[in-house]
Each structure stands twice: as structure tokens, then as C-alpha cells.
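Here is my note on the model you sent.

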Amino acid sequence: MAEGQQPTQTVASFETSLDELEKVVKELESGDLPLDRSLELFSRGMQLSDSCRKQLEEAETRVETLIKRAGEVTPVPFNLDKG
């Protein structure tokens, strides 16, 4: 694979995963679900959350690499915890 060429996308896009995760959360928050369905949704939500987290970490790494290459700015680690 040539440098800069993206691998074939096998993971859902971040936006798609986030949209699905929001739907899962809304359904879980409804509260009127059988236990089996709740567990199924919880499991799917955890998978989606993990996928989104990994994609954000990869994006952060790419941004830091680009900043380092430009040599203009020192990269500051991305921190989701603002408090």
C-alpha cells in the first residue's frame, strides 16, 4: 500500500457509529425494555463506544503528527476531561 493511501474501510465511520450509539442510549433510557434486550443494547453500546474512542485516538495521533511535521506548533495532548 502506498504511503498516504488509506486502507479499505471496514469499520463504520465515526459519525455512523455515534448516530447508532445515540439511538441505543435513547432506547435504553426509555426504560420499558425486557432484560435480554437491555443487555443486548448495552453490549452494542459498549462496542460502539469503543469504536468511537479508538477512531478519536487515531485522529488525535494523526493531528499531532501533522503538527510535528509542520514544526510550527508543539502538540498538546488532547484531553476529553476538561474538569
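**Notes on the predicted model**

1. Confidence first. This is a predicted model. The mean pLDDT of the protein is 81, and 70% of its residues reach 70 or more. Over residues 1-5 the pLDDT is below 50. That stretch has two contacts beyond near neighbours in sequence. Where pLDDT is low, the predicted coordinates should not be read in detail.

2. Overall make-up. The protein has two helices and zero strands. Of its 83 residues, 11% count as buried. The accessible surface comes to about 7,100 Å², and carbon and sulfur atoms hold 55% of it. Among contacts with a separation of 6 or more, 46% are between residues 24 or more positions apart.

3. Helix α1. This helix covers residues 14-30. At 1.5 Å a residue, its 17 residues should span 24 Å, and the end C-alpha atoms are 24 Å apart, so the two values agree. Just after α1, Gly31 takes a positive phi of about 80°.

4. The faces of α1. Which residues of α1 are buried? They are Ser17, Leu21 and Val24.

5. Glu20 and its partners. Glu20 lies in helix α1. Its relative accessibility is 29%, so Glu20 counts as partly exposed. Leaving aside neighbours within four places in sequence, Glu20 is in contact with Arg44 and Leu48.

6. Glu20 is in α1 and Arg44 in α2 (residues 35-70), so the pair ties together parts 24 residues apart in sequence. Arg44 is partly exposed, at 33% relative accessible area. Arg37 forms a salt bridge with Glu27, the closest N and O atoms being 3.1 Å apart. Arg37 belongs to α2 and Glu27 to α1, so this pair ties together parts that are ten residues apart in sequence.

7. The side chains of Arg53 and Asp50 meet in a salt bridge at 2.4 Å, N to O. Both residues lie in helix α2, three residues apart, about one turn of the helix. Salt bridges that share partners join Asp50, Arg53, Lys54 and Glu57 into one network.

Note on methods. Residues numbered from 1 in each chain as written. Heavy atoms only, no water. pLDDT = per-residue confidence, 0-100. Contact = heavy atoms within 4.5 Å. Helix = DSSP H or I, 4+ residues; strand = E, 2+ residues; numbered from the N terminus. Expected span 1.5 Å × (residues − 1). Buried < 20%, exposed > 50% of the residue type's maximum accessible area, 1.4 Å probe, protein only. Areas by Shrake-Rupley, 256 points an atom, 1.4 Å probe, with all protein chains shown as cover. Salt bridge = Lys/Arg side-chain N within 4 Å of Asp/Glu carboxyl O.
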